[in-house]
Amino acid sequence: MRMSWGLALGLIGFTLLGCTGGASSAPEANGPTSTTASPPKPMEGELKVALITPGPVSDSGWNAMAYAGLKAIETDLGAKVSNQEAAGPKISDAMRSYAQDGYQLVFGHGFEYNEPAVEVGKAFPNTIFITSSGGGTSTNVGAFRFYLEQGFYLAGYMAGKMSKTGKVAMIGGDDVPSIRSTFKGFVAGAKAARADIVVIEKFTGSGSDVAAAKQATTAAINEGADFVIHQANAAAQGVFEACKEKKVYAFGANLNQNSNESGIVIASATINAEPAFLKIAKSVKDGTFKGEVVLVGMSDGAIDFVLNPAMRSVIPETLVREIEAERTKILEGQLTVPKDEF
Amino acid sequence: MSEATLRVEGVTKAFGSVVALNAVSVEFLPGEVHAVLGENGAGKSTLMNVLGGFLTPDEGTVSYRGEALPLGQAAEMRQRGFAMVHQHFMLVPNFTVGENLALDALQDLRGRLAQPDLIASALERAKSLGWSIDVDDRTDDLPVGTQQRIEILKALAGPSDVIIFDEPTAVLVPSEVEELLGLLRRLAEEGRIVILIAHKLSEILAVADRITVLRRGRVVAQTTQMEANAAQIAEWMVGDVPAPQSPLQEALGEKAVRVKDLVVSGDRGEPAVRGISFEIRSGEVLGIGGVDGNGQTELAEAVAGIRSRKGGDIVTPNGVAFIPPDRQRAGLALSLSVEDNLWSGPVQRRQGLVLNRKRLWNWSRGVVQDYEIKVGNLSDPVRSLSGGNQQKVVVGRELSESPGLLVVVNPTRGLDVRATEFVHRRILDAARAGAAVLLISTDSDELAALAHRILYLSRGELRDSLVGATA
Amino acid sequence: MTRILVTAGALALALVVTLALFGLPVFESLSTIARGSLGSEASIARTLARTAPLLLTGLGILIAWRAGMFNIGGEGQYVVGGLCGAWAAMVFQGQSSAVITLVVLLSGVAGGALYAGLAAVLQVTRGVQVVISTILLNFIALALLKWAVAGPLRDPSSTRPQSSALPDAVMFLRPNPQTDFHTGIVLAFLAVIVVFVFLRFTATGFRLKWVGANPVAAHTQRMKVGRLQVTAMLWSGGLCGLAAAISYLGLARRLDASFTENWGFLAIPVALLGGLDPIGTLVAALYFGALFAGCEALARETSVGTSAVFVIQAVAVLVVVGLGRLQLQSSRPESKPAGGAE
C-alpha cells in the first residue's frame, strides 16, 4: 500500500517536472519538435555536415576513408564540416549535439550508429542521419550499404587461382554480420576460381588486438593457407606480420594497403567513400534525399579491386585478364556477388 | 656573560588572532637547568618549538654563541646542537627501538644503511646512564617511561649542546621522576643548556637553577633557585594559589561497582589484567596507582565496557562515564569541531535517530560555560584549543550528566595547576553526586588528593602498596 | 572564502593554460565552452545531464570518505548498479512500465550498495583495506560488464554485444526530446538534500563523521565502528548504483561494454573539490558538468579533436587533487610540531 503511494507521488512529481521542462522555448536551429516530419525541400543557408567515427580519423583505414568523404563535401559543396569520435552511450549524445547545433547532415560511420540514428532522428526531424551500413531507415535516416563483397569476390577469385595448397584464409576482427557478408563474397570468388578450394575462417573478436590477429593468422597458415584476406581494421598489421614471417600473400581491405611495409600485400579490395558521401550531401542540399539504404558498389566508383603494381611479376598475365573479365561481368550486371542483408 | 649563551630577543609569534608569544626575551646559560613555567596557553610550547626550529617567529631573533640561528629549519637547528625531547613522543610506533634510533641518526638517504653504526653512540650513552635497552623491541610495546628514555637517547646521540625537555615528568611515576631530575642535573653539569618545561612546582624547585615564568605570551618574572618560593611562582603563573584538595569525608553509599576475578587481554592478545577483584561504593573514589603499562588501560576499558573481558564478572550501575588516558588518541576527534566533540556524549547516551541540533547547541554552550572552556567559536576544530581546554572538553562531555560510575585515567596529564585543580574538583563533584569513581593515575599526588583508598597495579595484579610495584 | 576563490582561480588558470598549449584561441574557445554549457536550453540540459552522474557518485564518495573509508570503487559500484538495473529490467519484462522503472532504480541502488558493502565487510572483518579492495573490485566489475552484455544480458536481436533497449515508457520522461534533460536528473538533485540531512541531522550521520575523524575515539565513545563503516560504504555504493540506474533510464537505454564513462573515478575529484561537503559537491559537480558539456562543443567546433578535451578535463582534475593535497597540509599546521600554540 505504502509502496504504491510512493510510486504514485513519484510519478506525479515526474509528470509535473516534465510539464515545466517542456514549456520552455525550443532550440534555435531546429524548429519546434514534432513527430510528423515535413517533406524535404531544398535547403537554405549554410550546409553543415558532421561525421562521427568509432576511432581516430588518422587510422589510414576505415575512419580515414570516411574523413576523406567529409573533406570532399567541404571542398566541393562549401559546407561547414565537423567530426568527432564516439562509441557506446556517447553515440546518441554526439548525434543529439550536432542536431542541436543545427547540422543538417550527420554521418555515423559504422553499423553500430544505425540504431541510435533512428532513435535520435525521431526527435530531430530536420536533421538527416546517414550511417555506414545498417538497415534501419526513416524519412530522415538512411544508410549506405558498401558493396565491398564485389571487391572481396575478386580477391577470392585471385586467391583461388593462385593458391598452391588449395587452402586460403579469412581473418576477421569482430564477428559481426557486415564482416561475415564480405567473407561470403570472398568465398564465392574462390569457389568460382577453383571448386575444391578450402576457405579457413577465423575471428579474433577484436578489431584492435594486433597480437590476437597475428596469432589467428599464424594458425591459419599452419593449417595450410597460402593466401590471407582480413577484416581486422587496425589489427590488420598483425595479419600482415604473420604472413610476412610465414612467406604467404595477403590482401588489403577497405583501403588500398598495397604499399604496406610488410611487402606481402598482393592486392586490395577498397572502398572509396567520397562519391557516396558527396552524392548524399548533394541530395540533402537539393532536398531530394530519401530515407533508404543506398547500395553503392563498383559501378558507382565506390568499390574497387587494385592489384599491387610492385607485384605484377608474380601475377600471371592470364590471371590479370581473367580478373578484368570478372570485373566487367560485375560492372555490366551479368554477375551478382552474393551478400547478406542485415 | 659566558660565550655559549643562548639569547632570545623580542620574539613574537601569532597564530591567527592569538598572540602566543609577545616580545619574549630570555637568556639561557650553559651549565644550568632553566625551567620555563606557565599555564596552558602561556606560550611555553610555542617558545620551545621556536628553539627546536619547528616554528619561525614573526619578529625577534635568537642567537647562540653570538650567531643568529636559522629559525624554522629543524634539521639545521639540530645540526647546531639543539635537541628536543617532546611531550608527545616523536617515535615511529611500529619501528623497533633500534630503527627509531637509527632514523634519527640518519643524515640523508644516500649510501648504505648500517643500523649498528648509526645507533652506536646512542647505545653507548644508554650504557653510561645505566639503562638497559633492547634494540629489537617494538616501540609501541614499551611502557611510556621506556619510550621517553629512547626519546632522550635520540637527543643525546647527536650534537646536544642545548637540550629541551617538554613536560617530561607528566607520564612518570615518582621514582622515575627522581631519576629523570638527576639526569637533567648531570646533563647541565656537563656544560649543556638544559631547558625544562614542567607543571609541578616541587619538581622544578628541586632541579632548576633559573626559572622564567610566562603568562599569556609574556615573560612575567624571572628568578633563581636561591630566591624561588613556590607560592610566589604559583601566583606569577595564575594570579592566586589553588587550595589543595582533600579526600571526601562524607559517608559512602551502597556498593555500586563489583569486579570479580577480572581477566582482560591486551591489544595483541597478551594477558594484561590477571584476575583482579574490587568493589567501589557510590560516592567513593578508588585510586589505582602504579607504573604505566601494567594493565591500566585494559582495566579501565574493561570496567567502562569498551573492551571485552576474558574472564570474571563486572557489575556496574547505569550511566558509565569514561575519561580515557590519551585525549588525543581516544578522547577527541581533533579534526572535528568543539561542538561535535561535545555532542557525541548526549548522542551516544540517548541513542535517538535524529539530532535535536538546537537542544544540543544550547547544552554545549552550557558545558562550555560550566567548564570554563576557552574557545572562540563552537565550530572551531577542537585541535585549535590548548591541551587543558581539550581535556576540559572531554571532562565536560563525560561529567555533565551525573554518571553512576566514572572511570578516569590520568585525567590531568599535561595540564597546568589551575586546570588540574579544576578537573579534580569536577571529579569530586561527581563523587559527591553519588558516582562511584575508579581513578587510575600514575601521579601519586593526584591519588593522594582524590582517593579514599589506593591500590596499585603491577603486571596486571592488584597490590596494597607501591613496594615492588615499580617496573 | 579565500579557499573557494583560490580554487576557482586555479581552475580558470589551468583551463586557459591548457587551451593555450593546444594552440587554441583562448578567448574563442572559452566562449565556445560557455556557449556549449550554458548558451541555450539544449546546452543547459546537457550540463545538467553530465552533472547528475557526477553529483550522485560524488555524494557517494563523500559519505564514504567522511567515515574514513577511502572508497576508490565508485566506478565498479556504478557498473554493478547498472548491471543489476539491466538484469531487473529483463526479469520484470512485461510488468507495467512504472513498476519496471522503480525496480530498476532499486536494483541499481541495491547492486551498488552490496558491491561496496562487500569491500567494507572485508575491511571490518578481515582487515583488507577498502583502498585496495575497491580498486581491484573495479576491474572485476568491468570484466563482469563485458561478459554480461555478451552473455546473459545480450539482446538476442542485436548484432553487437549489448543489452536490450528499454522501451520509451520505462525511460525517464524527456520533456523536450531534442535536449538531454530527463526527469531522473531531478532525483540526483534531491539526493543532495537527502545526504545533507543525513549527515547533519541524523545520529548515524553524526557518528559517521566521528568514525572517520578518529575511529579509536569513536570506539571509546561506544560507537559501533565496524557497523558504521559498513553503513557508510552501503550509502556510498548505493548512490553510485543509483547514478548508474539513472544514466540507464535517462539517456543510455541499454548497456554495452562502454556503459561506464569514468563517472565513478571522476567522482573523487568532484567530492574533493567540494570539500567533502554535500553543497560543495553540488557546486563541484555543476562545474565539471558544465566543463564536460562545454568541451564537447569545443571538440565539435575545433580541429583539436576529442583528445584535447580529455587533456583539459584531466588537467582540471589534477588541479583539484593538487589543491586538495595543499589544503590537507595547510589545514593542520599546528599538528606539525609537538604541542600546538601553547
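## A buried glutamine in chain B

B:Gln296 is buried, with a relative accessible area of 3% (buried means under 20% relative accessible area, exposed over 50%, and partly exposed in between, with a 1.4 Å probe and protein chains only). The model is a predicted one, in which local features need pLDDT of at least 70, side-chain atom pairs count only at pLDDT 80 or more, and totals for chains, interfaces and linings use all residues; side-chain values use heavy atoms, with hydrogens and water left out. Residues are numbered from 1 along each chain as its sequence is written, and chains are lettered from A and ligands numbered from 1 in the order in which they are written.

The side chain of B:Gln296 reaches the backbone nitrogen of B:Asn294 at 2.9 Å. This is a polar contact, that is, a pair of N or O atoms within 3.5 Å; within protein, one must be able to donate a hydrogen and the other to accept it, and residues adjacent in sequence count only if both atoms are side-chain atoms. Leaving aside residues up to four places away in sequence, B:Gln296 touches B:Gly289, B:Gly290, B:Val291, B:Ile440 and B:Leu457 (contact means heavy atoms within 4.5 Å).

## Helix α9 of chain B

B:Gln296 belongs to helix α9 of chain B. Helices (H or I, at least four residues) and strands (E, at least two) are DSSP runs, numbered from the N terminus. The helix spans residues 296-304, and eight of its nine residues are buried. Among them are B:Glu298, B:Leu299, B:Glu301 and B:Val303. B:Gly305 follows α9(B) and has a positive phi, near 85°.

## Strands β6 and β7 of chain B

Strand β6 of chain B covers residues 82-85, with B:Phe82 and B:Met84 pointing one way and B:Ala83 and B:Val85 the other; all are buried. It runs parallel to strand β7 (residues 162-166) of chain B, and four bridges join the two (two strands pair if DSSP finds at least two bridges between them). B:Phe82 has B:Val162 as its bridge partner in β7(B).

## Contacts between chains

Two pairs of chains are in contact, and chains B and C share the most contacts. Chain A and chain B do not touch, their nearest C-alpha atoms being 22 Å apart.

Chain C contributes 27 residues to its contact with chain B, and chain B contributes 46 residues. The two chains bury about 3,000 Å² between them, 53% of it on carbon and sulfur atoms; buried area is the accessible area (1.4 Å probe) that two parts lose on being put together, summed over both. One salt bridge is found across this interface (a side-chain nitrogen of Lys or Arg within 4 Å of a carboxyl oxygen of Asp or Glu). C:Lys209 forms a salt bridge with B:Asp340, with the closest N and O atoms 3.4 Å apart. There are 16 residue pairs in polar contact between chain C and chain B, both residues at pLDDT 80 or more. Helices α7 (184-201), α8 (203-213) and α9 (215-220) of chain C each supply at least two residues of the side that touches chain B. Of that side, α8(C) gives the most, with six residues.

## Confidence

The predictor gives the complex an ipTM of 0.83 and a pTM of 0.73. Chain C averages a pLDDT of 88, and 92% of the residues score at least 70 (pLDDT is the predictor's confidence in each residue, from 0 to 100). Over residues 331-342 of chain C the pLDDT is below 50, and this stretch has 29 contacts in the model beyond near neighbours in sequence.
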